[in-house]
Amino acid sequence: MKGERKAEMDVLIINPPIGLSDKPRNIPHGLAILANIIRSRLDITPTFLDINAYRYSEKETERIIENTDFDVVLMGGLTPTYSTIIKLSEFIKSVHPDVKIIAGGYVAMPIPEVLLKNSEVAIICTGEGEITIVELLSRLERSLNVQFNGIAGICYKKNNAKNKIVFTQSRPLIQNLDEQSVLSAYDLLPVDIYLSNPVVGIGRDIDFIASRGCPYQCTFCYQPWGQKFRWHSVNFIIKSLIFLKKKYNIDFISFQDDEFMARKSRYMSFVKKEIVFYPIYYGHVLEGLM
Ligand code: B12
């Protein structure tokens, strides 16, 4: 942190690199949803450092972090980002010792105490982040040295001690995705990079997630949201697709849900929106919308 602390809190969100043998194709929805939540509910516009999209070298990343002013860092990703998050946390603390580092996502949720013990991460979100991050940042806005008791869905180092890991009670799953979650903050991301590396390869395509959870229990799958299947409403999905079509001229959507078709009635109400629908070429969905 450079100079005096400002009245307003500065938040940096870091998307670590993933799948370096391939190009960046997937919107980091978890982090980008939180960016939008922080902006809309706390009136703080976070800085989004998308290392995965820009594929910055270690040196470039360090230079950016050194020259950026922030009080709190949010990081997250898939399990293979584990060692990068440890390294980044150590570097961040070496140049900005007062900063608080919060992690979440698949790399942190399953065994949060391991990441906490082996890194400079101070707090881990052990479930969905929408409500937890608002409560955490509101508390941190008062002082970076507050206690976190009473905030559900986290695991943290008490007084920064690696051997004093505290779990708070788990946070119930969001019941209404439309009301309690939001669209990803696309405007804070380098969407052009993602669009130039299509997910499927038919036209300008982008990935989207319309539900959480899966009713099945396949042994090979990691499913942090359990068997309760929760959907965004068909209206929310259609409105989002129209927004993406208008703003980014996309013509193909790749749904990345665990089980997009898990509820036949919901699925049919989406399909029946008088939109020509092909399971493979979703581009027709978008043409039907305009
Ligand atoms: C898109 C995707 C990818 C993308 C990468 C996405 C990205 N940019 O990070 C790509 C295609 C690269 C990918 C690859 C792989 N993936 Co994948 N992938 C997904 C997928 C379909 C969606 C992820 C997503 O965006 N979810 C939606 C967002 C909203 O949820 P979220 O990230 O969990 O975020 C919420 C919370 O976790 C929390 N949160 C998240 N981050 C943070 C940070 C902070 C600070 C806080 C407070 C909270 C918080 O708040 C968010 C909102 O509630 C999931 C399945 C799914 N449907 O979720 C699998 C999934 C994550 N992948 C999985 C697997 C197994 C893999 C592979 C290992 C597959 C393989 N064998 O190659 C590879 C690994 C890549 C590599 N080379 O290292 C597993 C679990 C992996 C794991 N343990 O990390 C999943 C769960 C699929 C499954 N059910 O098995 N994947």
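## Close-up views of a predicted model

**View 1. Ile102 and the residues it touches.** Setting aside neighbours within four places in sequence, Ile102 makes contact with Val72, Val73, Leu74, Ala122, Ile123, Cys125 and Leu136. Keep in mind that this is a predicted model. Ile102 is also one of the residues with the most contacts inside the largest nonpolar core, along with Val72, Val73, Ala103 and Ile124. That core has 61 residues in total. Helix H1, covering residues 29-42, hands over the largest share of this core, namely 7 residues. Where does this core lie relative to domain 1 and domain 2? Both domain 1 (11-167) and domain 2 (198-287) give residues to the core, so it lies between them. As background, nonpolar side chains in soluble globular proteins tend to be buried together.

**View 2. The shell around the ligand.** Here we look at the 34 residues around the ligand, of which Gly30, Gly76, Gly104, Gly105 and Gly129 come nearest. Which element gives the most to this shell? That's H1, with 5 residues. H1 also belongs to a group whose members each supply at least two residues of the shell, together with strand S3 (72-76), strand S4 (100-104) and helix H6 (130-142). Sort the shell by residue type and you get 17 nonpolar, 13 polar and 4 charged. Domain 1 and domain 2 each put at least three residues into the shell.

**View 3. Where the two domains touch.** The protein chain splits into domain 1 (11-167) and domain 2 (198-287). Taken over C-alpha atoms, the centres of the two domains are 27 Å apart. How many residues of domain 1 are in contact with domain 2? There are 6 of them, and they meet 7 residues of domain 2. On the domain 1 side, the touching residues divide into 3 nonpolar, 2 polar and 1 charged.

View 4. Asp43 sits in the loop between H1 and strand S2 (47-50). Is Asp43 buried or exposed? Asp43 has 8 C-beta neighbours inside 10 Å, so it counts as exposed. Look for Glu8 too: Asp43 and Glu8 are 35 residues apart along the chain, yet their C-alpha atoms are separated by 9.8 Å.

**View 5. Two asparagines with positive phi.** Asn160 has a phi near 65°, a positive value in a residue other than glycine. Asn160 is found in the loop between strand S6 (154-157) and strand S7 (165-167). Now hop over to Asn249, where phi is near 50°, again a positive value in a residue other than glycine. Asn249 belongs to the loop between helix H9 (234-248) and strand S11 (252-255). Why does Asn160 count as exposed? Asn160 has 11 other C-beta atoms within 10 Å, and a residue is exposed if that number is 12 or fewer. Asn249 is exposed as well, with 11 other C-beta atoms within 10 Å.

**View 6. Stepping back to the protein chain.** Count up the secondary structure and you find 11 helices and 11 strands. The radius of gyration is 19 Å, close to the 19 Å that the globule rule gives for 290 residues, so the chain is as compact as a globular protein of that length. Along its principal axes, the C-alpha trace spans about 55 × 40 × 35 Å. Of the 290 residues, 35% count as buried. Among contacts with a separation of 6 or more, 71% join residues 24 or more positions apart.

Definitions and conventions. Residues are numbered from 1 along each chain as its sequence is written. This is a predicted model: local features need pLDDT of at least 70, side-chain atom pairs count only at pLDDT 80 or more; totals for chains, interfaces and linings use all residues. A nonpolar core is a set of buried Ala, Val, Leu, Ile, Met, Phe, Trp, Tyr and Cys residues joined through C-beta atoms within 7 Å. A residue is buried if 20 or more other C-beta atoms lie within 10 Å of its own, exposed if 12 or fewer, and partly exposed in between; C-beta atoms are placed from the backbone. Helices (H or I, at least four residues) and strands (E, at least two) are DSSP runs, numbered from the N terminus. Domain bounds come from an automatic or database domain assignment. A residue is near a molecule or strand if its C-beta atom, placed from the backbone, lies within 6 Å of it. Ala, Val, Leu, Ile, Met, Phe, Trp, Tyr, Cys and Pro count as nonpolar, Asp, Glu, Lys and Arg as charged, and the others, Gly among them, as polar. The radius of gyration is taken over C-alpha atoms; the globule rule is 2.2 Å times the number of residues to the power 0.38.
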